[in-house]
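These are my notebook entries from a reading of one protein model. I set down each point as I looked it up.

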Amino acid sequence: MVIGILGQRFGLPTSDHESGTEEEFDWALKENQENGFPEIKWFFQDIETLKLPSDPEQATLALDQWKKVCAFKKRLSNGLLPIFYSKFPDLESFKAVLTKDLSLWLNDPDRHWHTQNAKSKKSANQRGSMLKSAAIVDYQLRLAEDTSKLHLIGLGQHMQIELPIEQAYIPLKALIDRAMVAKEVGRFNDERLCESDYADKDVDVSELFKRARQSGKRGVALLGDPGSGKTTAARQICWRLASGTETPTAVGLPENTIPVFLKLRDLCQGDVKDGLSAFLKRESHAETLASDISDPGSDLLNYKPLLWIFDGLDEVVNEDTRADVCTLIQTALKNRVHDFILVTSRYQGYYGKVNLGPSFLACHVQPLADTDVNDFVSCWYKTVCIQLLGNTDKANNEAESNSKSLLDLLGQSEFRIGRLRELRTNPLLLTILCTVHHQDHNLPRRRSSLYAKCIRVFLEYWRQEVREKQKLVRFEPEAAESVLASLSWWLHRQENRTSADEHEMEKEVEQFLVNISTDSGLGKNGQEFIARMRDECGIFVTTSPGRCGFLHLTFQEYLAAVYAESEHKVESLTNTIGQSWWREVILLTLGIGRGPFVRAFFQAILKDNLLESNSEFISQCIDEALHPVLDPFIEALNKPGTRVATKVAILRLLRDQDLPELAGICLELVDNKNQELAAFAGEIVVRQRSTLTVEQMQRADQLLHEESKVQIDEKTGIFFVNIPSGMFMMGSDESERERPVHSVQISTFMMGKSPVTNEEYGRFLKANVDYQVPEYWNNSRFNNPKQPVVGVSWDDTQAYCQWAGPSIRLPTEAEWEYACRAGTNTPFSLGDGKNFDSTLANFNGKYPYGNAKKGRYLGKTSEVDSYKANAWGLYDMHGNVFEWCQDRYGDYSAEDVSNPKGPAIGSGRVLRGGCWNLNAVDCRSANRDGIGPSNRSNLIGFRVVLAHRSGS
């Protein structure tokens, strides 16, 4: 054996080689080619920053050495030479890299120093472990093979394209749920002013078990949106371990840990009763293998440690069953003290009683970063073009050209700032974008249109390509889509059903085919239809022996929406509002629905009094609707019997809609006795003043502007309310940092009634196209247009204010507390002021204040203005997001002051108001924190103030 280890030096030249290193390599290579030995192993250190001597001559020599190292490295890394080529990050890690390889080499049963009676060739991870039975070794081989490839969806050609998972996988990031890891739910302390202690940092998915063990946990719950890559990430971890590509310790697990992979979509009702052991035994069984290795289940249960990977908790049949499965998993973690567990789930399937509890580290899959999107698109197109054209210059040039074309489209503002931005950062949706772009080099501008185009790609490519090659009977894609839509609705009617027995599906399909024309080319045989959709179009997949389902739940949801719209299933959909299983179907149905359907849907919402309890979702329905027919809401406002609470919800919903008649209606509500109704009516009148008649304008001015009570800024779209001058006692005795309580005089000013929203911040981004988008801008938990913008630093707020105009700035800390208190001197300005629960604000409701009852924890920001305003018309002063203030953080003065601006020096900037992820005590009017100005957290947003001026 010859081992070479290279850093940044290549060595001295010899008579006929660049260095002795190269001479030794060439000798070993020649001997290997002639005799089969020695084995050659070469290790290169990853060097990101080249270290050069300070002496110029020495630096020149070192640089020359580095060029030679790079040339040699390129020669060895082409994959054509008979060598073992590897890299190591640093000297401390090299020992582990070398030890692992030598251990595998020494224990390789195919080497001549071992006996030759091994039953099968074992993968690297199984070699050398005396604790693994033959059945376990074979199971790991099967698992490695099963998880080693990623399948690319429809390309317009009749071919199956697979990518090795190590080439196709884009490393995913996850955000650890702070509420699940915090040792103490509460405020920061002075030592946490340093932003690195407080920052919500993304973590590589492969690092999650390291973080879990640091928190004393052995379970990880990986949560995300549909298509966010949860399953692929789980498969990649499984493949790394099962194939021996990575040691368990590299992903934070004990030595010798082996994985088991279980798809919860295949869980039967009997498995819940019989337990996870029975499920594992059934899923690991291999029918066609010899009896001594076909049933590894018992051996696996006797082995330790295992990594249990449970994929798709959200795909378990119903909520009660999911809760039972959670209990089984929790029990397994408790009883099997050496094991670790990874569970993946959609957000919609993981809430309420479906929760794995504090023993699991809850992590949220993050959207792809811009660099990841670029890598993804380039990899996709390169793979496709090579498959179609061969590994040629033409293929590479076409891949580069197509990649640039797509990335240019994705760089447009609507994909960067608008509502379509989620499409480019979700792995599945990005794959669909690639697929659709591959067909005509353009992209639809709506989600529902994108899915429609992709479904047509699945159906059309077979008709165009395969029919010609195999002379198969063509079918009409419209007819096939109709059958698929009916089948999707049938599947979706049972909660969390994503697959079914093939015979059962065939019978259902035959009922749908009865009504399809014989000229469609589909025939009447259900079995043949299922086979076509699976084998020729790729839209169906076999999920387990004898069961079939759609390639992805997204396509089932879209096609169910097609059926719902075509069959006018308004009542069926409104009956499911509030059920996560139906959320996407409802939104997509409205995305393709015509005017009469949308009108009927909103009429049913109002008739069944669903608006008040589902206002945020109904707002999303309006945003998604292709034809947002809002007449039913106007009719309800004019209807004498409509409840005040319903009117408030309607005005909150419509305040940004361009409806000419709305301002006139609201003018009649401005002096309503209900403060909240009057406030929303006044805001709409101001926003839509131009739609009023001259007489109405005069009345509006009398009601709203005689004391400059409200004002809208045209550039930012922010609605400001007047804050009168006055004196208050700032601080409290509840915390050392809030002392001493002192008198402060504040002059009049105007303050944004809500934190700045994503929609309002989007105006700034559109005007400054090169400015960095906020952290979490593409994260579905935080990017609703009406949610407060998060992930903005104090420095970002200054850029925003500079763009907004000279009169707009952050509030001082004193102004903020004065406005929050709104004339009160109690801990809170809402409720009774002394007890505080989650019906009053968005915070972690498990930790209320005073004698208040425990409440709900949303786990994200809420739309602004979703809770009661204080006496001065300000929303979300308690909870939702921390808000940046202009001041530096520092101790209070004991003296009475007027309009203080904070200390002149200090490392941190003030945060006020509490947030969605902390407890009620953090939401008090007097609570104050500070942090470095460059921090970007999903807990922090901001609101602005306007220098007082009279007029509208």
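**Entry 1: the chain as a whole.** What share of the contacts with a separation of 6 or more in the protein chain comes from residues 24 or more positions apart? I find that such residues account for 71% of those contacts. I note at the outset that this is a predicted model. I read 35 helices and 27 strands in the protein chain. Of the 952 residues, 55% are buried. The accessible surface comes to about 41500 Å², and carbon and sulfur atoms hold 48% of that surface.

**Entry 2: helix H26.** I turned next to H26, which covers residues 595–607. H26 has 13 residues and reaches 18 Å from its first C-alpha to its last, close to the 18 Å expected at 1.5 Å a residue. I then listed its buried residues: Gly595, Phe597, Val598, Ala600, Phe601, Phe602, Ala604, Ile605 and Leu606. What covers the buried residues of H26? I find that the cover includes H23, helix H24 (570–574), helix H25 (583–592), H27, helix H28 (631–638) and helix H29 (644–654).

**Entry 3: H26 against H27.** How are H26 and H27 oriented, roughly parallel or roughly antiparallel to each other? I find their axes within 12 Å of each other, crossing at roughly 170°. Angles over 145 degrees count as roughly antiparallel, and H26 and H27 are therefore roughly antiparallel to each other. H26 brings Phe601, Phe602 and Ile605 to the contact, while H27 (residues 615–624) brings Ile618, Cys621 and Ile622. By class, I count 6 nonpolar residues in this contact, with no polar and no charged ones. Asparagine 609 is found in the loop between H26 and H27.

**Entry 4: helix H23.** I went back to H23 (residues 553–566), one of the elements in the cover of H26. H23 has 14 residues and reaches 20 Å from its first C-alpha to its last, close to the 20 Å expected at 1.5 Å a residue. Of these 14 residues, 13 are buried, so H23 is largely enclosed by the rest of the structure. Just after H23, I find histidine 568 with a positive phi of about 55°.

**Entry 5: backbone details in loops.** Which residues does the cis peptide bond with omega of about 0° join? I find lysine 304 and proline 305. Proline 305 lies in the loop between helix H12 (297–302) and strand E10 (306–311). I logged another cis peptide bond between arginine 739 and proline 740, with omega of about -5°. Proline 740 is in the loop between strand E18 (726–730) and strand E19 (742–746). I also looked up asparagine 256, a residue other than glycine with a positive phi, near 70°. Asparagine 256 is in the loop between helix H9 (230–243) and strand E9 (258–263). At 42% relative accessibility, asparagine 256 counts as partly exposed.

**Entry 6: asparagine 919.** Is asparagine 919 buried or exposed? I find a relative accessible area of 8% for asparagine 919. Buried means under 20%, so asparagine 919 is buried. Asparagine 919 sits in the loop between strand E24 (909–912) and strand E25 (928–931). I then checked its separation from asparagine 844, which is 75 residues apart from asparagine 919 along the chain. The C-alpha atoms of the two are separated by 5.1 Å.

How values were computed:
Residues are numbered from 1 along each chain as its sequence is written. This is a predicted model: local features need pLDDT of at least 70, side-chain atom pairs count only at pLDDT 80 or more; totals for chains, interfaces and linings use all residues. Side-chain values use heavy atoms; hydrogens and water are left out. Helices (H or I, at least four residues) and strands (E, at least two) are DSSP runs, numbered from the N terminus. Buried means under 20% relative accessible area, exposed over 50%, partly exposed in between (1.4 Å probe, protein chains only). Contact means heavy atoms within 4.5 Å. Accessible areas come from the Shrake-Rupley method with a 1.4 Å probe; for residues, only the protein chains shown count as cover. Axes are lines fitted to C-alpha atoms, for helices over the stretch in contact, and angles run from 0 to 180 degrees between N-to-C directions. Angles under 35 degrees count as roughly parallel, over 145 as roughly antiparallel, 65 to 115 as roughly perpendicular and the rest as oblique. Ala, Val, Leu, Ile, Met, Phe, Trp, Tyr, Cys and Pro count as nonpolar, Asp, Glu, Lys and Arg as charged, and the others, Gly among them, as polar. The expected span of a helix is 1.5 Å times one less than its number of residues.
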